[in-house]
Amino acid sequence: MTQQANRIFGIDLGTTYSSIAYVDEFGKAVIIPNAENERVTPSVVFFDEDSIVVGDVAKESAKLYPNDVVSFIKRSMGEPNFVFVHNGEEYHPEEISAYILKKLAQDAEQYLGEKVTDVVITCPAYFGINEREATRKAGEIAGFNVRQIINEPTAAAIAYGSLDSTQDSVALVYDLGGGTFDVTMIDIRRDSVEVICTGGDHHLGGKDWDDRIVAHLVELFQAQTGTTADILEDPDTWQDLQLSAEKAKKILSRRERTPISITHGGERVKVLLERKKFEEITEDLLERTIEFTKGMLEEAKAKRYDHFDEIILVGGSTRMPQVVKRIEKEFSVTPKIYDPDEAVAKGAAIYGWKLGLNDRLIQRLAGKTLRPIQQIEDIPELIENKELSIEDVKKAAQQVADEAGYTLPSVESAMLRVKNVTSKSFGVVAHNPQNRPVLINLVLRNTGVPVTAKKNFYTAVENQSSVLIRIMESETSQVEVPVEYGVEIKTAVLNLPPNLPADLPIEITFTLNEEGRLHMTAMETRESRQVEVVLDTACVISGEALEKAMARSQNLVIH
Ligand code: AMP
């Protein structure tokens with residue numbers, strides 16, 4: 001008897017909004033509405049006395065209880081010092097994100113009458129190891145079996161069907177969300193999706209467009225009432241204007257103008273905002289996204305990617321008509337826009353569905369290899385290593401297709417390889433010929449992972465007793481930069497045997513695994529003494545704090 005595998009859900013854990021999707025029995029990705037019958041849920045958490053409220057009500061509550069509401073928690077993922085204190089209790093970003101995830105799962109369970117256990121969660125391509133690990137931990141605190149953390153642009157490309165085409169293509173994913181802007185180049189082949197380059201501004205998003213409207217409304221209010229006071233100092237007015245601005249912005253995506261009323265200190269002013277004016281006061285923000293896109297394209301050129309075939313628009317803010325217009329003008333390509341605020345969750349669900357099919361294939365093929373089933377992940381690799389024959393794989397795929405009621409190509413497409421790049425550069429501090437300390441990068445950002453890089457450094461003096469290795473992380477794309485460009489993430493000491501000459505080579509090896517986790521080895525080349533360091537994710541919730549978060553979350557019902 002075979003055990004029915006759990007369905008794998010896809011979750012877009014966004015900065016401003018989140019959503020959950022699954023693949024139905026017809027193989028179609030479907031968004032699951034929340035208890036308020038909305039397809040996206042504001043990523044806002046309200047600590048209401050003894051209960052936790054997530055979503056629309058939490059967003060509205062920010063006005064009355066600003067100190068009890070947490071928004072934009074995604075920006076603090078992987079940040080070591082962030083804790084939100086409520087009633088004397090400390091909450092880490094992972095736990096607050098877990099509440100958002102729980103709300104999505106709880107509402108989905110209610111809707112489908114089925115438990116949500118296995119999930120694929122998305123994160124921005126620029127997220128480093130800490131942020132990814134923090135996202136995984138958030139899923140675990142919410143009680144999920146987190147099957148994989150995948151990149152948002154990759155998920156979007158999957159949802160847009162770019163992978164189903166028989167032709168290889170290079171896609172540019174332009175993602176303008178609520179709080180962030182990312183642009184990513186991905187290379188899509190028949191059996192792999194590879195992130196080539198990623199860039200953007202993590203503090204540029206729809207919220208900035210809202211803020212411009214708010215500032216404009218303040219000016220109009222001042223002009224009409226004659227006041228010079230800063231009406232935004234009143235938290236009620238500030239909250240009110242924020243909500244009205246976002247509403248107005250969305251209306252302007254469909255209409256040429258919209259009325260807005262501004263109330264402050266007992267006075268009420270009615271204004272009319274034209275789309276043209278809105279575009280004018282936000283033009284520089286849009287230009288910034290174009291500049292970032294051009295910068296990323298330059299970086300891609302250095303990796304011999306000098307063209308792209310399609311542009312995919314993702315993120316709610318790409319619904320603003322000026323975005324499409326500006327991109328068309330700049331790149332002479334009509335961007336693909338379809339479900340921009342649902343594509344990521346749907347893509348994650350499709351990816352989860354593929355993982356499920358892949359599991360079934362592995363179950364069937366495990367007996368044909370000498371490996372234990374737990375060690376089989378990548379079927380194409382086993383074919384390449386001749387551990388499996390193409391015929392065996394085809395036969396298994398046909399059996400899974402027959403059993404699950406899917407087509408053979410869809411089962412074959414489940415054997416997909418997702419490749420990533422490192423979002424940070426990694427190196428060590430060394431002394432240059434002028435004896436100044438410099439940062440020498442062994443792995444540059446946007447290098448595909450897994451990767452291994454080796455470099456020799458040299459002892460400074462005769463009979464040196466040890467070498468201090470300072471491992472640095474940075475965002476530069478150059479091999480040698482001033483030390484100040486990097487952040488020290490770990491140090492290691494290699495003790496040396498006696499009587500070594502000066503200038504003895506010390507071989508340093510960096511290995512980054514698929515998830516971008518760094519492993520360093522330093523070895524002196526006389527007696528081969530070595531020191532090894534695995535970079536841990538010290539910034540991610542652990543120990544007592546994790547246990548506490550798990551316990552608090554376990555029986556929690558989100559409102
Ligand atoms: P995301 O993080 O991708 O869910 O994007 C959320 C952002 O998209 C928020 O800033 C929303 O205000 C914005 N947004 C959603 N729908 C629209 C729309 N129709 N027109 C303009 N902006 C929108």
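A residue is buried under 20% relative accessible area, exposed over 50% and partly exposed in between (1.4 Å probe, protein chains only). At 2% relative accessibility, Phe47 therefore counts as buried. The model is predicted, so local features need pLDDT of at least 70 and side-chain atom pairs pLDDT 80 or more, while totals for chains, interfaces and linings use all residues. Residues are numbered from 1 along each chain as its sequence is written, and side-chain values use heavy atoms, without hydrogens and water.

The structure contains eleven aromatic pairs. Rings of Phe, Tyr and Trp (its six-membered ring) pair if their centres lie within 6.5 Å; planes under 30 degrees apart are stacked, over 60 edge-to-face and the rest tilted. For Phe47 and Phe84, the ring centres are 4.9 Å apart and the planes meet at 35 degrees, so this pair is tilted. It joins distant parts of the chain: Phe47 in strand β5 (residues 45–48) and Phe84 in strand β8 (residues 84–86), 37 residues apart. Strands (E, at least two residues) and helices (H or I, at least four) are DSSP runs, numbered from the N terminus. Both Phe47 and Phe84 are buried.

Phe47 also pairs with Tyr99: the centres lie 6.3 Å apart and the planes at 65 degrees, so the geometry is edge-to-face. Here strand β5 is linked to Tyr99 in helix α2 (residues 93–112), 52 residues from Phe47. Tyr99 counts as buried because its relative accessibility is 2%. Phe47, Phe84, Tyr91 and Tyr99 form one aromatic cluster.

Arg552 lies over the face of Tyr91, 4.2 Å from the ring centre. Such a contact requires CZ of Arg or NZ of Lys within 6 Å of the ring centre and within 35 degrees of the ring normal.
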